[in-house]
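Student: Hi! Could you walk me through this model before I set anything up?
Tutor: Happy to, here it comes.

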Amino acid sequence: MESILTALLFGYILILVEGFLPGGILGLAGAFCVGLASYFAYLEYGGLLAPTLTFILGAFGGLLIVFIEFKWLSKSRLGKNLFLSGSTDGISNKELPGEEIIGQKGKTLTEHKPEGITLLNQKNYDAFCEDGFLPKGTSIVVTGRDDFRIRIKRFIN
């Protein structure tokens with residue numbers, strides 16, 4: 001009986017620690033300990049009833065620990081540092097202008113290797129240089145656009 005309880009206790013401790021150090025390995029080790037407790041119940045009592053009850057009650061206990069842990073942890077001071085508590089609205093990328101931008105002239109604000117930032121009409125855009133490398137401050141012309149960036153070439157007067 002001691003081996004069964006020891007395996008369950010050790011499994012519960014591993015499952016509890018998994019909540020603080022996520023990665024899955026400690027949780028799997030805790031589940032293995034619950035299975036090991038079932039095996040010890042089979043060795044000690046024989047039959048199928050004792051190991052099955054040990055496994056079912058052990059698994060329920062592990063799930064209960066996870067549920068209580070996350071309910072408590074989300075409200076605790078430590079948990080507020082671990083979990084996300086806010087959200088943002090909006091989009092991640094600025095909307096690119098339409099086809100009217102093709103042919104406009106501007107200059108590079110950063111080096112393009114082949115990507116960088118370009119200034120057009122007092123606005124900054126992510127740009128891909130079709131010529132490859134361009135130094136900062138080079139005059140450019142817009143040749144096209146992709147989903148999230150414009151395509152540029154060196155502008156030669």
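Student: What should I know about the model and the numbering?
Tutor: This is a predicted model, where local features need pLDDT of at least 70, side-chain atom pairs count only at pLDDT 80 or more, and totals for chains, interfaces and linings use all residues. Residues are numbered from 1 along each chain as its sequence is written, and side-chain values use heavy atoms, with hydrogens and water left out.

Student: Let's start with S38. Where is it, and is it buried or exposed?
Tutor: S38 sits in helix α2; helices (H or I, at least four residues) and strands (E, at least two) are DSSP runs, numbered from the N terminus. S38 counts as buried because its relative accessibility is 9%. Buried means under 20% relative accessible area, exposed over 50%, and partly exposed in between, with a 1.4 Å probe and protein chains only.

Student: Which residues is S38 in contact with?
Tutor: Setting aside neighbours within four places in sequence, S38 is in contact with P51, T54 and F55, where contact means heavy atoms within 4.5 Å. A polar atom of the S38 side chain lies 3.4 Å from the backbone oxygen of P51. For the backbone nitrogen of F55, the distance to a polar atom of that side chain is 3.2 Å.

Student: Which other residues of α2 are buried?
Tutor: Besides S38, the buried ones are G30, C33, V34, A37 and A41. Looking down the axis of α2, the buried residues fall within an arc of 145°, so they line one face of the helix. That arc is taken from the directions from the helix axis to the C-beta atoms.

Student: And what covers them?
Tutor: The cover includes α1 and α3. On the face turned away from the buried side, α2 carries the exposed residues I25, L28, F32 and L43.

Student: What's the span of α2?
Tutor: Helix α2 covers residues 25-45, and its 21 residues should span 30 Å at 1.5 Å a residue; the end C-alpha atoms are 30 Å apart, which agrees. The expected span is 1.5 Å times one less than the number of residues. Just after α2, G46 takes a positive phi of about 70°.

Student: How about α3, which residues are buried there?
Tutor: In α3 they are P51, T54, G58, G61, G62, E69 and L73.

Student: Switching to L16, where is that, and what does it touch?
Tutor: L16 is in helix α1, residues 2-18. Not counting residues up to four places away in sequence, L16 touches I65 and E69. It counts as partly exposed because its relative accessibility is 39%. L16 and S38 are 20 Å apart in space, C-alpha to C-alpha, and 22 residues apart in sequence.

Student: Now the strands. How are they arranged?
Tutor: There is a closed barrel of 5 strands, running β1-β2-β3-β5-β4 with mixed pairing. Two strands pair if DSSP finds at least two bridges between them.

Student: How do β2 and β3 pair?
Tutor: β2 and β3 (residues 123-129) are antiparallel, over 6 bridges. They form a hairpin with 2 residues between them, and N121 in the turn has a positive phi of about 50°. The bridge partner of L120 is K123 in β3.

Student: And β1 with β2?
Tutor: Strands β1 (residues 105-108) and β2 (residues 115-120) run antiparallel, joined by 2 bridges. This hairpin has 6 residues between its strands, and K107 stands opposite L119 in β2.

Student: Last one: how many bridges join β4 and β5?
Tutor: β4 (residues 139-145) and β5 (residues 150-154) pair in the antiparallel sense over 5 bridges, with R145 opposite I150 in β5.

How values were computed: A polar contact is a pair of N or O atoms within 3.5 Å; within protein, one must be able to donate a hydrogen and the other to accept it, and residues adjacent in sequence count only if both atoms are side-chain atoms.
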